[in-house]
Each structure stands twice: as C-alpha cells, then as structure tokens.
Amino acid sequence: MYHSVGDCRDDPYLVTVSPERLGRQLEWLRRRGLTGVGVGELMRAHAAGRASRMVGLTFDDGYADFLEYAVPLLLRYGHTATVFVLPGRLGGVNAWDEQGPRKPLLTADGIRAAAAAGMEVGSHGLLHLDLTAVDEDELTVELTESRDLLREITGHEPDGFCYPYGATDARTVAAARSAGYRYACSVDPGPLAGTFALPRAYVGQRDAAGRLNAKRLLHKLRTATAAGGPPAAPAPTPVPGDGISVLPDVRDGAQSGPRSGRGTAAPEEPR
C-alpha cells in the first residue's frame, strides 16, 4: 500500500516515498522473482491458481505524482499497480489533510493516461470521507457516483474500491458489494477480512530490504490468522546489496502507518 511519490521532507503523515526509494523497492520485488500487479489482476490470478509469484500494488488517493514518478518506475521494473482515485476532486488537492503540503491530484486526462499505461484504476470514493461516519445516502453517493464518474472517464466501470483511511465496518463492506464492485481494499480489517475488505501492508520511505522482508512475513501471518488457517509463511531472507536489515518498529505492526484527516499524525492506521 503506497500513496504519494515525491519529496519526503515535509511528510507528517508518512505517506510519501521518494522516487529513488520506490525504484529500489520495485527492484527488490523483481530480484526475488515477484511481479507487482493491480489487485484486480491478482484476484483473477488467485482464482486461477497462478498468483504465487504476484504481489498486489496499490497507490491510494490518486496523486498526480503517480503518473509522473510511479508509472515510469513500475514499467521500468516490469510491474503494474492499482491507483485508487477521487473523481470528486479531479485536479484538486489533498484537502482532507490538515497538516503537510497540498499535493495535486490526478485530472481526468491523468487518470486516462494511467489506464493507457496499463494501470488499473479503482475508486477511492468521491471526496475522501470516512465512510463509517456518513449516513446511508452519502455512503451510497460516495460508492456509486464515483463508480459512474470513473466509467465516464475510462470507458469502463472500475472493479475495485478502496475505503478512505482504511475505515471499514460491516455496513460499508455490504455497501461496497451492493454497489457492484468486485473487490474492496482495507488496511487491517480483522474479522471482516475477505474479498470486500482486503488487508494490505503499508510501505513507506524507511522500508528497505530488511523491513520489506519483515512486513511480507507479518502480512502473511496476519492474513492467515484472519482466514482462520495456519500461518504458512516463509522466513524472511536477506537480499544482498541493500545493506539495511532493520526489524519493524511499533508502527509496522498490525496497523501500520499514520492516520490522516483528524488533525494529527497519529500512527494508528495508514491513509
């Protein structure tokens, strides 16, 4: 789970990775024989029994820097990804973040360019609202109107939805299913985990080889536990050449990364 790619110096919510760091992370995947793909492709491959060497890559919020930096790097290293965009804020900025710099969001043309480059486009709602805190009418609008707008922009309906702030409950999960999506991404949904509340692992600027290995293992353990099965995960294996081997800190546990939109940069949950 990524967000923005660019300058990390003013990043109170810890959602930005530099292009240099992203390139090294994508190279890390390739060197391990893993291919990053959009979540829709990963789900289809999983259903066909051919997803063992695939990793779903997601970029939330639809920042314009996805097209500028992430897409060229993804293509360079042989990967694709899903970008979850906000069609209610086309060409706008991340106004939901009370701290930190204003970052431009993708325009309709930018979304089409990302799709033309082979990236999956999914919905992040219209305005980046905590859907667990809105009423039924607003929940329906966020889910269905964003889907309709993306169909107009790209020419087809998006398969995927991503809950802003990773905020999920039984009501929002049922609403995403009813809206016609084929899957929905969360962060750490606990007992709600499933096709419409897919757990993801936060990746940030500090994540070099050692931390990526640890996060891969932790994610496998968490998802196996959520599924009620035994945790079958390989032990982390060091990758030569990166030179960094650091165990995850508290923020990299069950709920990794910062939460935004509340006026603080608390480390409970990624955005």
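Which residues does Leu143 touch, not counting residues up to four places away in sequence? Before we get there, a word on the model: it is predicted, local features need pLDDT of at least 70, side-chain atom pairs count only at pLDDT 80 or more, and totals for chains, interfaces and linings use all residues. Numbering starts from 1 along each chain as its sequence is written, and side-chain values use heavy atoms, with hydrogens and water left out.

Back to Leu143, then. Its partners are Phe161, Ala175, Ala176, Ala179 and Tyr181, where contact means heavy atoms within 4.5 Å. Leu143 sits in helix 5 (residues 136–154); helices here are DSSP runs of H or I with at least four residues, strands are runs of E with at least two, and both are numbered from the N terminus. With a relative accessible area of 1%, Leu143 is buried (buried is under 20%, exposed over 50%, partly exposed in between, using a 1.4 Å probe and protein chains only). Ala175 is 32 residues away along the chain, yet the two C-alpha atoms are separated by 7.7 Å.

Glu136 pairs with Arg171 at 2.9 Å, N to O. That ties helix 5 to helix 6 (residues 170–178), across 35 residues of chain. Glu136 is partly exposed at 45% relative accessibility, and so is Arg171 at 26%.

Another pair, Asp159 with Arg182, meets at 3.7 Å, N to O. Asp159 is in the loop between helix 5 and strand 8 (160–162), while Arg182 is in the loop between helix 6 and strand 9. Arg182 counts as exposed, at 60% relative accessibility. There's a network too: salt bridges with shared partners join Arg147, Asp148, Arg151 and Glu157. The count comes to 11 salt bridges.

Now look at helix 1 (residues 19–31) and helix 3 (residues 65–76), which pack at about 25° with axes 10 Å apart. The axes are lines fitted to C-alpha atoms over the stretch in contact, and the angle, on a scale from 0 to 180 degrees, is taken between N-to-C directions. Helix 1 contributes Pro19, Leu22, Gly23, Leu26 and Arg30 to the contact, and helix 3 contributes Tyr69, Ala70, Leu73, Leu74 and Arg76.

Finally, helix 2 (residues 39–47) has Val39, Gly40 and Ala45 buried. Their cover includes strand 3 (35–37) and strand 6 (82–85). After helix 2 comes Gly49, with a positive phi near 75°.

Key
A salt bridge is a side-chain nitrogen of Lys or Arg within 4 Å of a carboxyl oxygen of Asp or Glu.
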